[in-house]
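Please keep the sequence and the structure in view while reading.

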Amino acid sequence: MPTYEYFCPKCDNEIEIEHSIKESVTPICDKCKTEMKRNISGGTGFVLKDFGWPGKDIKEKRDKGLHSLEMEKRQKDNHDPIKRQ
């Protein structure tokens, strides 16, 4: 169940209430008895660490691996005296 932040526009009191998204909640401030407003926050700051999504990591590593193998093969082919003729 999500947690929502509410603030009092009169006295700046803040509270958190856990309730369903379907519930209509209008809390009353304990300090001044004013109707509280829901605080719209900027989110949780969702950050992916390292390379991000696992699927992307696997593809990048695979592509990098294939590229490295291809480059090694080309270097070997170019330095092979038999194939240069």
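The largest nonpolar core consists of five residues: Tyr4, Tyr6, Cys8, Cys29 and Met36. A nonpolar core is a set of buried Ala, Val, Leu, Ile, Met, Phe, Trp, Tyr and Cys residues joined through side-chain atoms within 4.5 Å. Buried means under 20% relative accessible area, exposed means over 50%, and partly exposed lies in between (1.4 Å probe, protein chains only). The model is a predicted one, in which local features need pLDDT of at least 70 and side-chain atom pairs count only at pLDDT 80 or more, while totals for chains, interfaces and linings use all residues. Residues are numbered from 1 along each chain as its sequence is written, and side-chain values use heavy atoms, with hydrogens and water left out.

Contact here means heavy atoms within 4.5 Å.

The chain contains two helices and three strands, and from the N terminus on these elements run β-β-β-α-α. Helices (H or I, at least four residues) and strands (E, at least two) are DSSP runs, numbered from the N terminus. Strand β1 (residues 3-7) pairs with β2 in the antiparallel sense over five bridges; two strands pair if DSSP finds at least two bridges between them. In this pairing, Tyr4 stands opposite Ile17 in β2. Six residues lie between the strands of this hairpin, and Asp12 takes a positive phi near 65 degrees.

Asn13 lies in the loop between β1 and β2. Is Asn13 buried or exposed? Asn13 counts as buried because its relative accessibility is 13%. Apart from neighbours within four places in sequence, Asn13 is in contact with Tyr6, Phe7, Cys8, Cys29, Asp30, Lys31 and Met36.

Strand β2 (residues 14-18) is hardly covered, as the count of buried residues among its five residues is zero. Glu18 belongs to this strand and is exposed, because its relative accessible area is 55%. Beyond its neighbours within four places in sequence, Glu18 is in contact with Met1, Pro2 and Thr3. The C-alpha atoms of Glu18 and Met1 are separated by 6.4 Å, although the two are 17 residues apart along the chain.

For the protein chain as a whole, buried residues make up 11% of the 85 residues. Among contacts between residues at least 6 apart in sequence, 25% join residues at least 24 apart.
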